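Hi,

Here is the structure I said I would pass on.

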Amino acid sequence: MKKSNIIMLIAALLPLGLFLFPLWKITLEAPQYPTPLGMYIHINDFSDVNPFDIKNINLMNHYVGMKYIPDAIPEFKIFPAGILITTILGLIIAFKGNYKWFLSWFILMIVLSTAGLYDFYLWEHDYGHDLDPKAIMKFTNPDGSVMGFQPPLFGTKHILNFTAHSYPRLGSLFLGLGIAASFIAYLVGKKTNKIIS
Amino acid sequence: MKKILNISIGFLIIAFTFTSCNNGESSKSNGALSSNAAEKVYVAPGEHDEFYAFISGGFSGQLSVYGLPSGRLFKVIPVFSQDAEKAYGYNEETKPMLNTSHGFIPWDDSHHPDISQTKGELDGRYVYINANNTPRIAKIDLTTFETTEIIEIPNSAGNHSSSFVTENTEYVVAGTRFSVPIPQKDMPIKDYKGNFKGALSFLKVNPDNGEMSIKFQILMPGFNYDLSHPGRGKSHGWFFFTTYNTEEASSLLEVNASQNDKDFIAAINWKKIEEYVNNGGGTKMPTNYAHNLYSEETHSATSTMIKEVLTVNPLDVPGAIYFLPTPKSPHGCDVDPSGEYIVGNGKLSADLTVHSFTKMLDAIANKKHDGEAYGIPILRFEDVLAGTVKQSGLGPLHTEFDGKGNAYTTFFISSEVVKWKLGTWEVIDRKPTYYSVGHLMIPGGNSAKPFGKYVLAMNKITKDRYLPTGPEVTQSAQLYDISGDKMELLLDFPTIGEPHYAAGCPASLIKANSKKLYKLAENKHPYAAKSDADTKVTRNGKEVHVQMTMIRSHFSPDNIEGIKVGDKVYFHVTNLEQDYDVPHGIAIIGANTSELLIMPGQTETFVWEPKQVGVWPFYCTDFCSALHQEMQGYVRVSPASSSIPLSWSLGD
Ligand SMILES: [Cu+2]
């Protein structure tokens with residue numbers, strides 16, 4: 001097997017790390033929470049950082065009319081299927097394809113990941129803006145518009161008494177490394193191809 | 001009468017000389033010392049204390065939890081008395097905890113807390129504490145700081161020489177202070193002598209969950225059994241009890257029980273008696289006592305009456321019990337960390353008497369007896385004596401050890417703590433207390449491994465030490481640094497009830513195991529409502545059961561109708577929170593029990609018997625959230641003849 005194909009093989013397998021490690025973590029800090037509230041987002045589930053964190057995030061957030069974080073969202077079915085399909089595709093390419101196919105897989109993964117991130121953003125936006133009109137507490141921005149409570153997609157943001165942090169976790173690293181590796185496989189494949197021809 | 005007067009005047013004069021001399025000594029170094037002391041007890045905001053101190057509440061019947069060195073009060077744990085703050089003894093779940101053979105007894109006098117031990121060292125799992133008045137022993141679970149067991153002691157009266165644990169918590173003892181007729185009967189009090197008995201009870205502890213059961217009771221001669229301590233190390237397997245009133249007087253004891261020059265320390269080989277009992281020895285005697293257990297799963301207590309107790313006649317186990325003569329009505333009975341020395345403080349003696357365990361075994365082996373009392377051999381004083389601490393002070397009471405070869409004894413009459421050396425019996429240092437000190441405590445000073453950094457003195461009188469609060473002024477404790485050669489007074493702090501005795505423990509042994517909440521999923525209370533969907537109101541004749549939930553910031557249901565005058569309404573309220581430090585409370589107008597204070601995941605119940613027609617509010621009593629004030633509801637009460645059906649709702 002060629003060196004580039006071996007790299008492609010690894011690239012195809014790396015995203016499977018998403019089934020082992022969380023994709024993202026959102027943390028909420030406040031003075032009365034010396035142990036911050038936190039939530040992991042996995043490829044197929046939400047989970048507590050400490051026991052009952054999501055229940056307590058829901059309890060806090062209902063004051064401003066945010067929806068309860070559900071047990072499951074449709075994405076939890078689509079994302080795992082997507083990863084499994086792209087991995088199989090990647091494996092086929094690694095065994096059968098040449099370096100041009102590696103680039104196609106790389107582009108496919110970039111597109112799909114961007115779509116995933118955009119979907120995540122939409123979900124966050126909806127979660128932070130589609131508020132219950134009967135909410136107990138209503139806050140407006142300095143310009144008079146209704147305040148949203150959207151957590152950051154990436155980074156740190158102050159929301160009322162909370163400081164929210166949103167950062168990728170190990171699962172994302174595996175995905176990112178897989179994507180990067182497929183590009184390297186493409187470069188290596190291209191180089192060897194030139195030497196041979 | 002004149003003689004007594006002379007003696008007390010004598011005491012007063014000597015006491016005065018001692019204290020005044022001490023006062024002079026302390027004022028010399030006051031300035032520099034106090035600034036240094038402040039630093040040593042300062043625990044910065046957000047920082048934790050190094051030690052937990054469990055200080056008994058004496059006649060409040062409770063156990064308080066303080067931090068050392070700061071002296072800050074963290075919690076009062078209700079044990080033998082009802083507590084309106086926590087609904088203990090008021091709610092239906094904990095009422096059975098206070099059941100006894102005399103019925104519901106919602107008060108007692110709690111004296112001696114002791115922390116469970118493994119291999120002679122504190123393990124921080126449980127605190128055991130005695131009730132003096134209606135004899136009981138309680139177990140407090142240190143994962144929740146809640147009382148989870150109370151066992152009544154039959155045939156006992158004035159349960160004072162307890163509740164001390166053996167070095168692997170094999171046993172907790174409950175020794176009687178008063179001797180009484182066993183079994184109880186109607187008889188002339190003047191016939192006390194020879195007819196009353198003192199029961200020393202050995203409670204076996206289940207190593208897995210700390211639960212107690214009375215394994216056997218030794219029926220001793222009718223003396224008063226004052227205090228006790230287990231042997232440890234080389235003397236493990238023995239228990240020592242001080243006695244007074246070996247005269248067996250029944251009236252004017254201050255005189256009549258102070259006639260003998262020497263009373264006894266009873267040395268009891270409990271392993272030998274255990275063996276005798278395990279081989280079928282002892283006599284089963286009909287009796288009646290309560291065993292109350294609290295379950296963390298059902299959040300409820302049950303009370304079981306036990307009808308039998310195994311008694312042991314000391315004469316049936318020869319070689320298991322000996323008397324060690326000890327001068328002048330000894331009070332404290334303390335064993336040093338090595339287990340070799342047994343200190344018996346004759347409270348009417350100026351000297352401290354220390355017995356040697358090795359010498360005691362030797363005297364027993366060589367049968368060097370000096371007569372007997374009711375068939376129990378008395379060893380010769382000179383044969384068991386290790387040494388005396390001469391002219392150490394007035395009114396010695398209790399001794400603890402620092403693990404560095406020093407002992408610290410309190411002197412009630414001369415109001416001081418005296419440091420002396422084991423083996424050489426020389427006095428090294430003395431410091432005044434303010435005033436009239438009883439027990440003292442060194443964290444772990446009651447084990448094979450003392451943490452000899454601090455000594456806590458517990459005083460009976462404070463007089464001018466604090467702002468006055470009318471005729472009743474605060475009780476107090478005083479903290480001394482004992483890490484150096486000389487003791488240093490660091491801090492005065494007020495305490496609840498009577499700070500009778502205390503047990504101290506490094507915080508690290510306990511705080512990591514502390515529970516933050518009860519898991520709702522594990523709640524097995526028969527009337528728990530684990531979600532709003534489970535809430536309901538049901539009627540069974542005149543009994544109505546409301547299964548209610550609470551969460552920030554509402555009750556469900558919050559409107560209830562169909563209740564009638566003359567109903568007995570049980571509110572079973574479940575806290576749905578699963579967050580640390582978010583309890584909720586509930587109380588209703590006209591309720592004659594306490595409010596409930598319900599921890600996350602817990603269910604508690606109170607009974608309300610509405611006497612008047614109307615629409616009556618209930619509300620959350622514990623400030624829980626920004627909308628705490630809105631956490632409220634109404635119950636509509638209709639006439640007894642009304643036909644309004646039960647209904648309940650939340651929201652529109
Ligand atoms: Cu509340």
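Below is what I found, starting with the metal site.

Keep in mind that this is a predicted model. The copper ion takes its protein donors from chain B: B:H584 (ND1), B:C620 (SG), B:C624 (SG) and B:M631 (SD), at 2.2 to 2.5 Å. The site comes out as tetrahedral, with angles of 96 to 129° among the four donor atoms. If you want to search for the pattern along the chain, the spacing of the donors is H-x35-C-x3-C-x6-M.

B:S161, by contrast, is 458 residues from B:Y619 along the chain, and their C-alpha atoms are 45 Å apart.

Most peptide bonds are trans, and most residues other than glycine have a negative phi. In chain B, a cis peptide bond with omega of about 5° joins B:S162 and B:S163, and B:S163 is part of strand β10 (residues 161–165). Another cis bond runs from B:R552 to B:S553, with omega near 0°; B:S553 is in the loop between β36 (543–551) and β37 (554–556).

Which residues have a positive phi without being glycine? B:T169 has phi near 55°, and so does B:N245, at about 55°. B:T169 lies in the loop between β10 and β11 (171–175) of chain B and is buried, with a relative accessible area of 8%. B:N245 is in the loop between β15 (238–244) and α3 (253–256) of chain B, and its relative accessibility of 0% makes it buried as well.

Over in chain A, helix α3 (residues 75–96) packs against helix α4 (residues 99–129) at about 170°, with axes 10 Å apart. Angles over 145 degrees count as roughly antiparallel, so that is how α3(A) and α4(A) run relative to each other. The contact includes A:F79, A:L89 and A:I93 from α3(A) and A:W101, A:W105 and A:L112 from α4(A). By class, it has ten nonpolar, three polar and two charged residues.

Cheers

Notes:
Residues are numbered from 1 along each chain as its sequence is written. Chains are lettered from A and ligands numbered from 1 in the order in which they are written. This is a predicted model: local features need pLDDT of at least 70, side-chain atom pairs count only at pLDDT 80 or more; totals for chains, interfaces and linings use all residues. Side-chain values use heavy atoms; hydrogens and water are left out. Axes are lines fitted to C-alpha atoms, for helices over the stretch in contact, and angles run from 0 to 180 degrees between N-to-C directions. Helices (H or I, at least four residues) and strands (E, at least two) are DSSP runs, numbered from the N terminus. Angles under 35 degrees count as roughly parallel, over 145 as roughly antiparallel, 65 to 115 as roughly perpendicular and the rest as oblique. Contact means heavy atoms within 4.5 Å. Ala, Val, Leu, Ile, Met, Phe, Trp, Tyr, Cys and Pro count as nonpolar, Asp, Glu, Lys and Arg as charged, and the others, Gly among them, as polar. Donors are N, O and S atoms within 2.8 Å of the metal (3.2 Å for Na, K and Ca); water is not among the atoms, so sites may look incomplete. Four donors count as tetrahedral if all angles lie between 85 and 135 degrees; four count as square planar and six as octahedral if opposite donors are over 155 degrees apart and all others between 65 and 115; anything else is irregular. Buried means under 20% relative accessible area, exposed over 50%, partly exposed in between (1.4 Å probe, protein chains only).
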